[in-house]
Amino acid sequence: MRIKQWLMISFFIVMLLPVGALYFLYISISNLDDKQALVEYVEVTNKMEEIEPKLLDPNIYTLKSKEMYDSVQALTNESIKITLYRSDGVVLFSSLPEPGSYGFPAINMEQAYRNLNDLQKNARTYSLKKPVSNDGNIVGIFEISIARDEWIAGVTNRYLYLGVLFSIFFILLYTVVVILLNRKLNRPLSQLQAQMTAFANGESPSIQIRESNDEIGDLIKHFWKMKAQIEQTQEALAVQQKEKEFIVASLSHDLKTPLTVIRAYTEVLQNDRTLTEHERAEYKEILFQKLEYMKRMLDDLTMYTALQSSKQRTELVEVEGEEYFEMLLSGYDEPCIRKDVSLQVYQSVKKSYEVDPKQMVRVVDNIMGNAIRHTEIGKQIWLAAISSDTKLPDWVFKEFQVELEKWRKAGTVILIQNEGKGIPKEQLDKVFQPFYQAEDARNYGGSSGLGLSIAKMLIEQQNGKIGIWSAKKNGTLLACWIKERRD
């Protein structure tokens with residue numbers, strides 16, 4: 001049950017408690033009155049009939065000394081009260097007089113003559129007034145009041161009984177509320193506080209919180225969710241920190257070699273006067289290559305850092321497929337010729353796409369640069385863009401065709417395949433990691449180790465995906481999948 005609900009129910013019960021007690025008391029007193037009414041009426045009537053004849057003497061309704069009313073006083077006790085009035089309303093005698101006023105007080109005559117010969121039933125007494133006549137004239141009035149002792153005792157007992165029941169019920173209700181408060185509020189909140197303190201101190205909590213379906217349970221669930229999110233964020237930050245440390249270490253290692261070469265060749269150019277012009281030109285060319293390599297490495301690192309920090313935003317625009325891919329796949333003939341590598345380009349695209357044209361150029365540049373570096377002299381590279389409704393080219397290695405057909409469904413693929421030694425299967429999942437290079441990859445030079453990582457992030461930002469397949473005897477195929485725009 002929700003805390004709000006049982007608090008409202010408890011409050012409602014507490015409000016109804018006095019109402020119920022009063023109703024129970026009313027019913028109890030009514031039942032008591034009904035049971036004793038007849039018996040009590042008969043007893044009171046009999047007592048009054050015994051006393052009345054002794055009060056009919058006209059002589060006692062004159063003002064006398066107190067001792068003259070001893071006979072009337074003898075008729076009274078703690079339960080019976082007798083009051084004698086003179087005809088003009090003067091109180092002649094009262095068995096319970098006020099101190100210092102005996103025999104003298106007077107009351108209104110209308111009040112004295114009210115309810116004559118009528119047995120009055122009050123909450124505590126029965127009373128009867130009757131006139132006393134002498135020679136046809138009223139000389140006085142007597143009033144007999146008999147206390148309802150048994151009825152009063154019964155009411156008192158019921159008050160006590162109800163008070164005891166009310167106290168017991170109140171104590172029980174208070175105990176239940178305290179137990180529920182401790183169970184639903186105090187204990188869970190204390191446990192939650194202990195959990196929060198342990199979490200803040202990086203400790204494992206010694207107390208497990210019991211989950212419930214009330215508001216405190218919702219708070220605990222929110223705490224678990226927040227804790228899981230914070231832990232996930234901390235783990236991500238730890239991974240990023242390790243990645244940064246790895247990047248710094250890898251960058252330091254990769255920059256150390258070209259810097260050493262630059263320093264050595266620079267010292268030779270400055271100090272060695274025996275170098276020929278041809279040797280000087282050759283050394284300068286090497287220096288420019290190393291500087292270009294360092295510049296490319298720093299550019300890749302800048303791009304990778306921007307992509308990691310989400311500062312690099314991808315703006316997708318609609319492009320016409322045939323024209324765009326013709327531009328995208330061009331410009332790689334000359335690098336292949338310099339490397340003495342054969343390049344075959346194929347395009348079969350007639351759809352439109354939403355891509356970031358500038359970043360797609362960088363994706364293909366990175367992949368093609370990687371393919372040219374890892375392709376031996378005299379070998380071949382294939383570059384193609386193929387839409388989903390076009391059959392795969394025959395030059396795709398047979399080992400990759402079945403899996404590639406499943407992978408490229410409902411999208412256009414950019415294929416870059418090269419002949420070579422291939423990449424070991426256990427290394428395929430690592431090639432997209434930053435600064436990761438295969439065992440002999442560094443021998444080819446000119447790579448920052450971030451090209452494929454950047455290509456993967458850029459293609460995924462454009463709602464695409466990237467995959468790689470490699471066969472030891474044939475070579476490697478790398479494919480980029482992009483979503484086709486349906487007209």
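**Exercise 1. The whole chain**

What does the accessible surface of the protein chain come to, and what share of it belongs to carbon and sulfur atoms?

*Solution.* Start with the kind of model: it is predicted. Next, take the surface. It comes to about 29800 Å². Carbon and sulfur atoms hold 55% of that area. Now turn to the interior. The chain has 487 residues, and 37% of them are buried. Then count the elements: there are 12 helices and 12 strands. Finish with the contacts. Take those between residues at least 6 apart in sequence; 66% of them join residues at least 24 apart.

**Exercise 2. A covered helix**

Find how many residues of helix α12 are buried, and name them.

*Solution.* First, locate the helix. α12 covers residues 451-461. Second, apply the cut-off: buried means under 20% relative accessible area. By this test, 8 of the 11 residues are buried, and the helix is mostly covered. Third, list them: G451, L452, S453, I454, A455, M457, L458 and I459. Last, look past the helix. N463 follows α12 and has a positive phi, near 60°.

**Exercise 3. A nonpolar patch**

Which residues make the nonpolar surface patch of about 490 Å²?

*Solution.* The patch is built from F166, F170, I171, Y174 and V178. F170 sits in helix α4, residues 149-200. A patch residue needs over 30% relative accessible area. F170 has 43%, so it counts as partly exposed.

**Exercise 4. Salt bridges**

Give the distance and the exposure of each partner.

*Solution.* Step one: E267 and R263. Their side chains meet at 3.2 Å, N to O. Both residues lie in helix α5 (residues 215-271), 4 residues apart, about one turn of the helix. E267 is partly exposed at 38%, while R263 is exposed at 59%.

Step two: E334 and R338. The N to O distance is 3.4 Å. These residues are also 4 apart, in helix α8 (residues 333-338), about one helical turn. E334 is exposed at 54%. R338 is exposed too, at 63%.

Step three: R408 and E405. Their salt bridge spans 3.3 Å, N to O. Here R408 is buried, with a relative accessible area of 5%. E405 is partly exposed at 34%.

**Exercise 5. Aromatic rings**

The structure holds 10 aromatic pairs. Describe two of them by distance, angle and position.

*Solution.* Begin with Y69 and F93. Their ring centres lie 5.5 Å apart, with 20° between the planes. Planes under 30 degrees apart count as stacked, and this pair is stacked. Y69 lies in the loop between α1 and α2, and F93 in strand β2, so the pair ties together parts 24 residues apart in sequence. Both residues are buried.

Move on to W382 and W395. This pair is stacked as well: 5.8 Å centre to centre, 10° between the planes. W382 is in strand β9, and W395 is in the loop between β9 and α10, 13 residues apart. Both are buried. Ring pairs also join W382 and W395 with F397 and F400 in a cluster.

**Exercise 6. A charge over a ring**

Which residue lies over the face of W481, and at what distance from the ring centre?

*Solution.* The residue is K465. Its distance from the ring centre is 5.5 Å.

Technical notes: Residues are numbered from 1 along each chain as its sequence is written. This is a predicted model: local features need pLDDT of at least 70, side-chain atom pairs count only at pLDDT 80 or more; totals for chains, interfaces and linings use all residues. Side-chain values use heavy atoms; hydrogens and water are left out. Patches are made of residues with over 30% relative accessible area and no salt bridge: like charges are joined within 9 Å, nonpolar side chains (Val, Leu, Ile, Met, Phe, Trp, Tyr) within 5 Å. Accessible areas come from the Shrake-Rupley method with a 1.4 Å probe; for residues, only the protein chains shown count as cover. A salt bridge is a side-chain nitrogen of Lys or Arg within 4 Å of a carboxyl oxygen of Asp or Glu. Helices (H or I, at least four residues) and strands (E, at least two) are DSSP runs, numbered from the N terminus. Buried means under 20% relative accessible area, exposed over 50%, partly exposed in between (1.4 Å probe, protein chains only). Contact means heavy atoms within 4.5 Å. Rings of Phe, Tyr and Trp (its six-membered ring) pair if their centres lie within 6.5 Å; planes under 30 degrees apart count as stacked, over 60 as edge-to-face and the rest as tilted. A charge sits over a ring if NZ of Lys or CZ of Arg is within 6 Å of the ring centre and within 35 degrees of the ring normal.
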